[in-house]
Amino acid sequence: MERKRMRARITEEDLRLSERVEPKESFETWQKVIDAAWDMTIVAVAYNDMRIPLKRVPETLESLESTISSVTDEKTLDVIEEEVKTGIRHFSDILEGARDSRERMDRILRATWNRRVQLKT
Amino acid sequence: MAEATIPTFMRGKDKIMSLSDAVKTFIKPGTCICPGGFSYTKKPFALAREVIRQDIGNLFITMNGGASICEFWCAAGLVKLLDTTYIGLEGIQPVAYSVRRSIQDGTVDVEDYSNYGFGLRTVAGRYGWPFAPLMSEFGTSFMDHDTFGKMGLRGKKADGSWIHPSIAPARAAVIEDPFDGWGLRPHAFEGGDATSNQTNFLDQVRESTAYTGNKGVKCILVPPILPEVTIILAQRVGEKGTTRIEGIWGPDNEQAISAKNCIVQAEKIVTEEELRAQPYSNTIAMQYIDAIVQVPYGGFPGQVPYYYDYDWDFWRAYTQINRKDKAEVNKYIRDWVMEDEWTFLATRPGDGYPTITGTKGLERLFELRADALYGYRPGLARPL
Amino acid sequence: MSVIRQSDPKAWTAVDDTEYEAYCKERGIDPEEYTTMELLCIAAARQTYDFSFIFAGTGLPMIGCMMAQHTYAPNALIIMEAGILDPKLLEVPISVSEARGGYMCSTLSNMADTFGTFAQRGFCTFGMLGGAECDKYGNLNSTAMGGYYSKSARDDGKTGPAVRFAGSGGANNIASYADVGLAMMVQEKRRFPEVNEYVTSCTGSRGPLGSDEDRYHKGLFRGSGTTIVSDLCIFRSSPETGELQMAEIYPGVEEQLVRDNVSWELQTAKDFKPFAAPAYEEIKIARMVCDPNRIYLGRKTKRELAAEK
């Protein structure tokens with residue numbers, strides 16, 4: 001039905017602005033929704049930039065791992081350890097931030113479900 | 001239309017070359033070459049070392065942003081002409097000694113611009129403009145000194161071709177501003193302008209008859225730079241040439257785009273897709289890059305932001321080395337670069353100068369790793 | 001021009017006294033005595049004002065602007081020509097392009113853009129420079145002495161200039177665009193001639209104010225005088241004539257020594273005053289915050305070296 005209406009010519013009726021109505025949701029609520037949506041978007045945009053390198057890291061680490069058995073100088077092992085420790089520091093931060101956010105997202109989905117039920121009854 | 005040939009800049013993965021091939025292909029004796037980066041930051045030192053290995057001389061350097069590469073090339077006696085703004089090594093050596101000595105003893109001829117004057121030349125070069133407007137350099141000796149002009153390198157030959165394809169027919173020109181200084185800030189907005197600058201002496205400037213003989217606001221026009229080859233360093237380059245520079249650009253994007261050809265020295269070559277996921281972070285479009293060479297740590301002894309810091313101890317010692325006898329410095333620099341880049345990186349870092357740990361080669365390089373959250377290595381020991 | 005000065009030491013970056021004393025002990029330096037480089041750095045910082053845009057050249061201005069930000073001008077914004085606006089300087093940079101200078105800056109771009117967007121556009125109020133030679137009207141030469149031209153462009157048979165310096169870099173542009181200039185220099189008679197043989201940057205009036213030789217009559221639309229911070233005194237452009245005048249003199253320096261080390265008849269500024277010796281707090285910040293490695297502060301002038309002998 002909607003599709004059909006969109007295919008029809010735009011009538012004068014369609015172009016009329018509606019009568020003023022009060023928003024159904026409070027400004028504060030929408031503000032919170034927007035805040036969260038934008039913050040998740042900021043991270044998603046940044047993630048888009050690291051998506052491919054992030055997929056590559058396991059591969060390069062795997063090939064590094066397979067090379068370790070052929071390392072001949074102990075000092076090279078020092079370097080590898082140092083680099084991997086730095087990696088652990090950064091990746092742990094990413095992981096921790098992602099896990100915290102992810103858990104909260106689950107909680108929000110549960111909360112919206114509960115609220116939906118409340119609104120229905 | 002005639003049958004289409006694939007232009008060099010459209011070539012796909014065969015832009016990826018070895019260091020020696022890239023230098024051999026694009027840099028010949030006498031080439032007008034523009035080294036990118038700035039002082040200690042993101043200087044394409046691996047390419048610079050390869051030029052020394054291949055002993056390509058008589059070079060014409062057009063450059064903005066610190067003289068570290070020029071210093072090595074002058075030390076190796078490879079430079080003939082220099083079109084520049086600054087020949088110091090900043091905080092480490094106020095004047096790069098080999099460059100200074102070469103100018104004083106007559107081996108190198110030099111033309112000077114101010115940084116913004118040169119910067120605008122790179123902007124003109126980037127956009128293919130015939131010139132760019134400069135409101136600086138007035139009243140100084142830049143206005144009446146022209147080395148290349150005095151050397152007869154400007155203008156046309158009898159057959160109508162340019163005497164030198166990379167030297168403009170004039171160093172600069174002065175015109176009367178057709179808009180009478182209207183665009184200059186602070187501007188006469190209602191209630192004043194919102195710039196931080198307060199002084200605007202245009203009323204006095206309008207009384208001036210300097211340079212043209214007529215009263216009015218003057219403007220200097222500077223010509224573009226048109227180097228044959230620009231060499232730059234970037235952290236990541238896509239396999240077709242899309243280039244992403246992280247941290248300060250220095251003059252790189254303008255200079256790369258101004259040139260006929262550009263060689264980029266990459267810390268890592270990646271897929272185009274990786275960089276195009278976020279195209280607004282990319283610095284140089286693919287078609288300006290003609291050759292890509294992957295040389296991790298190739299920016300040593302300089303700094304590549306977020307990857308590694310400069311080797312302070314090297315530079316500290318080098319400023320002692322470059323004040324030795326000219327022939328000795330020449331021999332030093334040629335010995336220093338070794339026969340190829342890998343041998344160099346595995347051997348020379350930490351070699352021939354005192355460091356706290358005494359490590360050499362790749363271990364030394366890993367000591368210089370930057371903290372990705374700062375861009376440099378916080379607390380790097382920098383003894384004087 | 002309204003100038004907001006910030007000199008309340010309570011707003012300065014705090015440094016622990018005990019830590020400072022320990023640092024001095026380890027380095028074998030007197031916590032209450034200052035060197036010439038420290039004096040230059042502190043004197044330069046005292047000339048700055050808060051809420052200004054300090055466009056800093058390379059070399060000594062790196063530490064001068066850092067000192068200003070931690071003391072007299074905590075809200076000043078620093079511009080560095082390689083593309084940096086308003087960085088947080090945790091460690092003193094050795095180059096205007098390096099990552100230490102770019103940490104936490106507002107934007108990071110390129111050189112042409114920095115001069116265009118900040119200097120030409122109207123955000124370069126305070127220009128801080130170094131120089132090799134300075135004349136009576138505050139013109140700096142940082143290019144060459146003994147004839148500018150290199151061999152193939154010379155007519156005198158010499159192989160090149162007697163001494164070649166670094167060249168302008170951004171100095172010419174900073175001097176052209178700043179409301180007020182400042183140059184930090186070592187003072188020797190030969191470095192303070194009446195007229196420079198080569199003018200790289202006009203930080204002051206260029207020639208007598210009001211004459212055809214002043215900066216405005218040569219086409220520069222900005223700039224209103226300069227301060228030269230030497231290792232003996234502070235010179236300032238006379239607002240009437242544009243000539244550099246002795247404005248402040250460091251403790252323990254005889255006026256005659258200053259006069260003996262310039263090549264023109266030096267006038268004393270109307271508001272001449274002695275320069276208050278660097279305070280303990282200032283020296284502490286210079287050392288501990290700005291340059292603990294003593295990259296700049298550890299340097300000695302010829303005069304200091306001669307005094308040591």
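**Figure 1. The largest nonpolar core of the predicted model.** The largest nonpolar core comprises 197 residues. Such a core is a set of buried Ala, Val, Leu, Ile, Met, Phe, Trp, Tyr and Cys residues joined through C-beta atoms within 7 Å. A residue counts as buried if 20 or more other C-beta atoms lie within 10 Å of its own, as exposed if 12 or fewer do, and as partly exposed in between, with C-beta atoms placed from the backbone. Cys70(B), Trp73(B), Ile54(C), Phe55(C) and Ile79(C) have the most contacts inside the core. Helix H2 (residues 36–47) of chain C contributes the largest share of this core, 8 residues. Helices (H or I, at least four residues) and strands (E, at least two) are DSSP runs, numbered from the N terminus. The model is predicted: local features need pLDDT of at least 70 and side-chain atom pairs count only at pLDDT 80 or more, while totals for chains, interfaces and linings use all residues. Residues are numbered from 1 along each chain as its sequence is written, and chains are lettered from A and ligands numbered from 1 in the order in which they are written.

**Figure 2. Surroundings of Cys70(B).** Apart from neighbours within four places in sequence, Cys70(B) is in contact with Ile61(B), Met63(B), Val79(B), Leu82(B), Ile87(B), Ala96(B) and Val99(B). Two residues are in contact if their C-beta atoms, placed from the backbone, lie within 7 Å.

**Figure 3. Helix H2 of chain B.** Helix H2 (residues 45–53) of chain B is largely enclosed by the rest of the structure, because 7 of its 9 residues are buried. These buried residues are Phe45(B), Ala46(B), Leu47(B), Ala48(B), Arg49(B), Glu50(B) and Val51(B). Just after H2(B), Asp55(B) adopts a positive phi of about 50°.

**Figure 4. The contact between chains B and C.** Of the 2 pairs of chains that touch, chains B and C have the most contacts. Here 73 residues of chain C are in contact with 81 residues of chain B. On the side of chain C that touches chain B, at least two residues each come from helix H4 (99–102), helix H5 (111–120), helix H6 (171–177) and strand E11 (201–202) of chain C.

**Figure 5. The contact between chains A and B.** Chain A and chain B each provide 9 residues to this contact. On the side of chain A that touches chain B, helix H3 (27–67) and helix H4 (74–120) of chain A each supply at least two residues. H3(A) gives the most, with 5 residues. Chain A does not touch chain C, and their nearest C-alpha atoms are 18 Å apart.
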